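Me: I'm new to this one. Can you walk me through it?

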Amino acid sequence: MERILLYVEDTAGMPAAAAWALRLAKGMSCRVFALSVINPDSPRRREAQTSDAEERAWSLLYEIEDDAFQKNVRISLLLESGEPLQKLVGISTSYDSELIVASADCRLVISELVRQSSRPVVFVK
Amino acid sequence: MAKISELLPRSAIVLNLQSKEKFEVISELVHPLVAAGAITEESEFVAAIVRRENMESTGIGLGVAIPHARTKAVSSIVLAFGRSDSGVDFSSLDGKPSHLIFLIAAPEEQKTEYIMTLARLSKLLRKDEVRIGLNKAGSPDDVVRVILQHES
């Protein structure tokens, strides 16, 4: 395996998911692509429409990047705008990632992600 | 927490980068920060930056790169900015060269401020009007003015 796509959201379970992905990447010497998606159509409009959401997304990504650097794991950061499930599935294909990792408490509809993704998905609890 | 514009000394703004290669550009941006006393151990800081660049792409796309490092070789968090007409390869995921390069140097112990500075700068540079303003800036004062206008 060469590429892991880590879906990053601001949830309580995210640190565990990120730590799991980094451990796996280190063990397998592969690269992590950490993806956060800003959804302008989110029902959580107040958050989505303020620039705070974007700043929070970047800070989560850079936190993970800093951890990756300390652990000697190669990483690339991606911030996208759009519908999160579509973006995640699309990017997993375009970056040819072999595994998607997400937190079990992510706001995606888990069954939809599993159904739409052509890649294996691991939810970390 | 200090604003981006407050962390960027005018002496560390290089509007016409001479170097074409990534590590030479980084060196060009490090020198004014060493002269200003913000970076106390140049070789240690450069080694940290090089290590990070060899592990990850700090090109964030849209013609922007943010090389960065947090080490004991830095006395206070500080930025440098360079603009390259020809562009520099920072291995951006979009495959395009970087024309606007912000270097961030932070002390080892200031992790929160470092992460927040990276996040705020990345957010700022995704705005079209900021990148257009920085590309048009004719002086270091113009650069600071563009950032001041758009940072919240």
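**Where the chains meet**

Reply: 14 residues of chain B are in contact with 14 residues of chain A. Contact means that the C-beta atoms of two residues, placed from the backbone, lie within 7 Å. This is a predicted model: local features need pLDDT of at least 70, side-chain atom pairs count only at pLDDT 80 or more, and totals for chains, interfaces and linings use all residues. Residues are numbered from 1 along each chain as its sequence is written, while chains are lettered from A and ligands numbered from 1 in the order in which they are written.

Me: Which elements give two or more residues to the side of chain B that touches chain A?

Reply: Helix H3 (42-55) and helix H4 (111-125) of chain B do. H4(B) gives the largest share, 8 residues. Helices (H or I, at least four residues) and strands (E, at least two) are DSSP runs, numbered from the N terminus.

Me: And by class, what is on that side of chain B?

Reply: It has 6 nonpolar, 3 polar and 5 charged residues. Ala, Val, Leu, Ile, Met, Phe, Trp, Tyr, Cys and Pro count as nonpolar, Asp, Glu, Lys and Arg as charged, and the others, Gly among them, as polar.

Me: Now chain B as a whole. How many helices and strands?

Reply: Chain B has 6 helices and 6 strands. From the N terminus on, they run α-β-α-α-β-β-β-β-β-α-α-α. The radius of gyration of chain B, taken over C-alpha atoms, is 14 Å.

Me: What part of chain B is buried?

Reply: 43% of its 152 residues. Buried means 20 or more other C-beta atoms within 10 Å of a residue's own, exposed means 12 or fewer, and partly exposed is in between, with C-beta atoms placed from the backbone.

Me: Where does B:Asp89 sit?

Reply: In the loop between strand E5 (78-88) and strand E6 (98-107) of chain B. B:Asp89 is partly exposed, because 16 other C-beta atoms lie within 10 Å.

Me: What is B:Asp89 in contact with?

Reply: Leaving aside neighbours within four places in sequence, B:Lys22 and B:Pro97. The C-alpha atoms of B:Asp89 and B:Lys20 are separated by 8.3 Å, although these residues are 69 apart along the chain.

Me: Over to chain A. In what order do the strands of its open sheet run?

Reply: The order is E3-E2-E1-E4-E5, five strands with parallel pairing. Two strands pair if DSSP finds at least two bridges between them. The edge strands are strand E3 (75-81) and strand E5 (121-124) of chain A, and each pairs on one side only.

Me: What does A:Leu5 stand opposite in E2(A)?

Reply: A:Phe33. In E4(A), the bridge partner of A:Leu5 is A:Ile100. E1(A) pairs with E2(A) over 6 bridges and with E4(A) over 3 bridges.

Me: Why is E4(A) called largely enclosed?

Reply: Because 4 of its 5 residues are buried. E4(A) also pairs with E5(A) in the parallel sense, over 4 bridges. There, A:Val101 has A:Val122 in E5(A) as its bridge partner.

Me: Which helix does the chain pass through from E4(A) to E5(A)?

Reply: Helix H5 (residues 110-116) of chain A, in a right-handed β-α-β crossover. Right-handed means that, with the strands pointing away from the viewer, the path from the first strand over the helix to the second runs clockwise.

Conventions
The radius of gyration is taken over C-alpha atoms; the globule rule is 2.2 Å times the number of residues to the power 0.38.
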